[in-house]
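Reader: Could you walk me through this model step by step? I am new to reading structures.

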Amino acid sequence: MTMLVRIKTRSDLDANSVGFLVPVKDFTQASEVVSKYIQDNSIPYELWYGGRVVDDQDHHLATVAFNGRVFNPKGDEINV
């Protein structure tokens, strides 16, 4: 299954912006990609909006929080 993590900040919230998608192999890599993006770009908590992990049909699989923790669509934490 193809997995993608959507990287998006609140500054990307205009109607036409979807942020950008990064292919990942699993939830652990999704967490790493998000954490690296936040650190490398000095994104403050208040501006973080992305971290949604989807499949190639845009079905929501999980969400990576600002702190790198991963949650399923029901809100239960996924250990990575």
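**A hairpin and its sheet**

Author: Let us start with β3 and β4, which form a hairpin with four residues between them, and aspartate 58 in the turn has a positive phi of about 65 degrees. Strands here are DSSP runs of E with at least two residues, helices are runs of H or I with at least four, and both are numbered from the N terminus. This is a predicted model, in which local features need pLDDT of at least 70, side-chain atom pairs count only at pLDDT 80 or more, and totals for chains, interfaces and linings use all residues. Residues are numbered from 1 along each chain as its sequence is written, and side-chain values use heavy atoms, with hydrogens and water left out.

Reader: In which sense do β3 and β4 pair, and over how many bridges?

Author: They pair in the antiparallel sense over three bridges, where pairing requires that DSSP finds at least two bridges between two strands. Within this pair, valine 54 stands opposite histidine 60 in β4.

Reader: What is the strand order in the open sheet?

Author: The six strands follow the order β2-β1-β3-β4-β5-β6, with antiparallel pairing, and the edge strands, β2 (20-24) and β6 (77-78), each pair on one side only.

Reader: New topic: where does glycine 19 lie?

Author: Glycine 19 lies in the loop between β1 and β2, and it is partly exposed, with a relative accessible area of 28%, because buried means under 20%, exposed means over 50%, and partly exposed is in between (1.4 Å probe, protein chains only).
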